[in-house]
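Please open the structure in your viewer and keep the selection panel at hand. The tour below moves from one selection to the next and says what is found at each stop.

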Amino acid sequence: MRVRVDEAKCQGHARCFALVPELFAVDDYGRSSVIGDGSVPAALEERTRLAIANCPEFAVEEIPD
Amino acid sequence: MTRTAAVADWTSDFDVLDPGYVLDPFGIWDELRTRFPIAHSDRRGSTWLPTRYEDVTAIAHDVEHFSSLQVAVIPFDGTPPSDPVLPYGLPPISSDPPLHTWTRRLLLPWFSHARVGSYEAMTRALCRRLLATFADAGAADAAGHYAQQIPVRVVAHILGVDDALADTFTGWVRDVLEFADDPERRARGVRGLVGYFLAEIARRRIDPGEDLLSMLLHAEVDGAPVEESLVLGTAALVLIAGVDTTWSAIGSSLWHLATHDEDRRRLVAEPGIMAFAVEELLRAYSPVTMARVVTADLEFGGCPMKAGDKVLMNFPAANRDPAVFERPDTVVLDRAVNRHVAFGSGIHRCAGSNLARMELRVALEEWLAAIPEFRLDPAAQVTWAGGQVRGPRELPVVFPVPGARATGTAR
């Protein structure tokens with residue numbers, strides 16, 4: 001599984017960061033980004049799916065294979 | 001309120017200050033959502049009230065047609081975008097791009113995740129100090145003695161203003177937001193805030209500190225200082241938006257826990273679900289409604305909107321939309337999928353959302369640690385405020401005094 005944060009959509013709600021701090025980072029302006037190349041370790045997949053499902057801006061997206 | 005005549009038809013003549021609506025808007029929203037998902041009223045100028053998540057979020061994202069130049073749910077009787085003291089209102093909330101973009105950028109770092117973390121210890125100490133004043137009494141006003149006392153002091157700390165004036169600040173903010181229907185009271189609140197912040201600004205020109213107000217005053221944007229009216233508006237915004245809103249969320253959450261024994265006991269027993277519970281309580285009792293003004297005649301959702309019409313961004317109703325949330329009227333403390341928009345949606349996402357979440361979580365953690373068992377006082381009345389911000393204003397609760405329990409359980 002791989003994910004990305006659409007910079008144009010992210011408004012800094014920080015829901016992804018709250019759910020999976022191992023995978024997402026937030027900057028001083030609230031913008032989220034994915035740490036690394038977006039590959040999601042198996043152990044984080046379930047919480048990452050929640051991050052996708054909880055983003056109010058639909059900014060967290062799974063990258064199709 | 002005296003000006004509120006009874007509402008016969010909520011689809012064409014709604015009134016957000018109707019006492020029944022303030023007390024329990026949820027059933028009205030459900031009915032509107034199925035029958036007439038964008039209601040209309042002429043009671044305070046031509047105003048639209050969407051209740052569906054899809055409509056509310058679509059309008060929030062269309063900043064070209066739905067401007068933030070007038071965000072007050074209860075319109076000012078005067079004409080303040082042309083106010084000489086606050087020509088830009090309270091930016092960034094009352095502005096559109098490009099002004100919105102750079103004023104918001106000045107503010108955001110003060111409310112970043114990392115910065116908010118640095119306010120947590122003082123917030124926790126404050127909550128404990130407040131609880132110590134009534135935990136042995138067996139009764140308290142959870143709104144007036146607790147919820148109301150927390151955010152104003154945290155925000156005063158961030159702004160660098162004297163938190164001994166907390167009650168005065170709260171009075172001004174209530175005048176502006178809660179008593180907005182009373183022009184004299186609203187004007188008094190605005191006068192109080194403006195006069196106070198102008199004096200604080202003058203002081204910091206000579207003697208700047210490390211606080212948000214000093215930063216705004218000494219910031220340079222494109223090589224130029226920020227206009228004083230913008231500093232004033234932004235500082236007033238931080239106080240206005242940071243006080244009533246979070247206080248209402250804390251109060252509503254405590255009301256829920258006072259009236260739902262199973263949820264309260266579950267949250268005490270399972271502190272690990274707190275992060276989910278905070279989001280769920282924010283969803284179910286979203287305090288804030290903002291307004292937008294239509295910029296050009298257009299049709300939206302089949303409604304003929306005219307330039308100058310207001311739209312009430314009904315985030316609280318969106319968060320109860322069954323098209324998005326399963327069992328929307330039930331609080332599910334560990335609700336896992338919860339795409340709520342309590343902090344808005346789009347470019348005006350609440351700049352203080354990290355702070356509000358921290359304050360709500362810490363306030364609940366500390367209350368439950370000190371007073372795990374409590375219920376509404378059957379001999380007293382809960383009162384609610386509504387309009388721009390909905391939450392309990394008096395929340396009398398009773399609870400067993402610590403002496404009756406084993407020692408050392410609470411704090």
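Begin by selecting B:P98, which is found in the loop between β3 and α4 of chain B; helices (H or I, at least four residues) and strands (E, at least two) are DSSP runs, numbered from the N terminus. The model is a predicted one, in which local features need pLDDT of at least 70 and side-chain atom pairs count only at pLDDT 80 or more, while totals for chains, interfaces and linings use all residues. Residues are numbered from 1 along each chain as its sequence is written, and chains are lettered from A and ligands numbered from 1 in the order in which they are written.

The peptide bond that leads from B:P97 into B:P98 is cis, with omega near 10°. Now select B:P92, which has its place in the loop between β3 and α4 (99-107) of chain B, and look at the bond that joins B:P91 to B:P92, which is also a cis peptide bond, with omega about 5°.

**The sheet of chain B**

Next, colour the strands of chain B and look for an open sheet of 5 strands, whose order is β1-β2-β10-β7-β3 and whose pairing is mixed; two strands pair if DSSP finds at least two bridges between them. Because β1 (38-41) and β3 (66-67) of chain B stand at the edges with a single partner strand each, one side of each is left without a neighbour in the sheet.

Select β10 of chain B, residues 310-313, where B:K310 and B:L312 point one way, B:V311 and B:M313 point the other way, and all are buried. A residue is buried if 20 or more other C-beta atoms lie within 10 Å of its own, exposed if 12 or fewer, and partly exposed in between, with C-beta atoms placed from the backbone. In a regular strand the side chains alternate between the two faces of the sheet.

Which strands pair with β10(B)? Strand β2 (residues 47-50) of chain B pairs with β10(B) in the parallel sense over 2 bridges, and B:W48 has B:V311 as its bridge partner there. Strand β7 (residues 290-294) of chain B runs antiparallel to β10(B) and is joined to it by 4 bridges, with B:M313 as the bridge partner of B:M290. Follow β7(B) on to β3(B), with which it pairs in the antiparallel sense over 2 bridges, and find B:F66 opposite B:V294.

Select B:R44 in the loop between β1 and β2 of chain B, where it is partly exposed, with 18 other C-beta atoms within 10 Å. Leaving out residues up to four places away in sequence, B:R44 touches B:I74 and B:P75; two residues are in contact if their C-beta atoms, placed from the backbone, lie within 7 Å. B:R44 and B:P75 are 31 residues apart in sequence, yet 7.0 Å apart in space, C-alpha to C-alpha.

**The nonpolar core**

Now select B:L159, B:A235, B:L239 and B:I240, which touch the most other members of the largest nonpolar core, a group of 119 residues. Such a core is a set of buried Ala, Val, Leu, Ile, Met, Phe, Trp, Tyr and Cys residues joined through C-beta atoms within 7 Å. Helix α12 (residues 228-259) of chain B gives this core its largest share, 18 residues. Apart from its neighbours within four places in sequence, B:I240 is in contact with B:L90, B:V173, B:V176 and B:L177. A second, separate core of 17 residues includes A:A14, A:L23, A:V40 and A:V60.

**Where the chains meet**

Show both chains together: 16 residues from chain A and 19 residues from chain B take part in the contact. On the side of chain A that touches chain B, α2(A) gives the largest share, 3 residues. The predictor gives the complex an ipTM of 0.97 and a pTM of 0.95.
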